[in-house]
Amino acid sequence: MKIKNQNRIPSKYVLLILIIICGMLMGAELFTGGRGPLSLIGNYTIIPMQNGISSIGRWMGDLTDNFKTLDELKTENETLQSRLDEMTIDNTRLRQEQYELERLQELYKLDQNYADYEKVGAHVIANNGTNWFNSFTIDKGSNDGIREDMNVLAGSGLVGIVTEVGPAYAQVRAVIDDESNISAMVLSTSDLCMVRGDLKLMNDGRIRFEKLPNNDNKIEVGEQVVTSHISSKFLQGIFIGYISEIEVDSNNLTRSGYITPAVDFNNLQEVLVITSTKQDLVNDSGEDGKEE
């Protein structure tokens, strides 16, 4: 048998008590001008909750703004990167065009220096696989009028001579090649000498000359060396390079030394091919003599 709790207060009395308490608190608020118990309770409970909710709202707003800012920055960064890539490509293209223009200007100047000869321009398309262009291929051949023994120019002077010709290509042997031997002369004195290629010397940027007569003609460092009039394959007067070192041989009859070439054989891209050979000039001279 359940024992009924005699101490339990009926609900209607509890409600009545709460109403009375609320009325008293509201009266106290009115009497104190808003500084009563309710305000005190609100200051410790509701206001901190409101501040917390406001802080969370501001944090969420800031977070949303930050995400939006990050997206904007990402988009802006991608745009700037794209523009930077385009500018880099444009700059590279402009530099390439500038270098090409400078090379073409050098070729034009070289063409003017040897204006008496007709020439064909060509691009270097291959070499023999070494660091030096002692033997290389150009993109012009017999279809363009190229023949064996034609002299090839670049930089400030002589590059070499055509040794093999195909319809659309030609092979060139440079003056620095080990097999190259050129009859040359010192421009200031017309003394003859032999210029020989030597790839071992190209690491120092020079080639060798020898058999220069040890006569009374004073020859100093810096003198220009050109192809001679007695060369069997090279046209006369083409610039080979500058004397960089000279000494008297042990026989005391000749002098020898080194030449700094007029061409950069480490970086060769375009050349000029003189379309007349030495034999052509010899034949023309013979025919002129017969006519006279």
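Start by selecting Lys-233: this residue is partly exposed, at a relative accessible area of 39% (that label covers the range between buried, under 20%, and exposed, over 50%, with a 1.4 Å probe and protein chains only). You're looking at a predicted model, where local features need pLDDT of at least 70, side-chain atom pairs count only at pLDDT 80 or more, and totals for chains, interfaces and linings use all residues. Numbering runs from 1 along each chain as its sequence is written, and side-chain values use heavy atoms, with hydrogens and water left out.

Asp-149 sits in the loop between S2 and S3 and Lys-233 in the loop between S9 and S10, so the pair ties together parts 84 residues apart in sequence. (Strands are DSSP runs of E, at least two residues, and helices runs of H or I, at least four, numbered from the N terminus.)

Next, pick Arg-147 and Asp-280, whose salt bridge is 2.6 Å, N to O. Arg-147 is in the loop between S2 and S3 and Asp-280 in helix H4, so this link joins parts 133 residues apart.

Then jump to Arg-196, Arg-208 and Glu-210, a network of salt bridges.

Finally, show S1-S2-S5-S4-S3-S12: a closed barrel of six strands, paired antiparallel (pairing takes at least two DSSP bridges). Zoom in on S2 and S5, joined by four bridges, and find Thr-137 opposite Gln-171.

Technical notes
A salt bridge is a side-chain nitrogen of Lys or Arg within 4 Å of a carboxyl oxygen of Asp or Glu.
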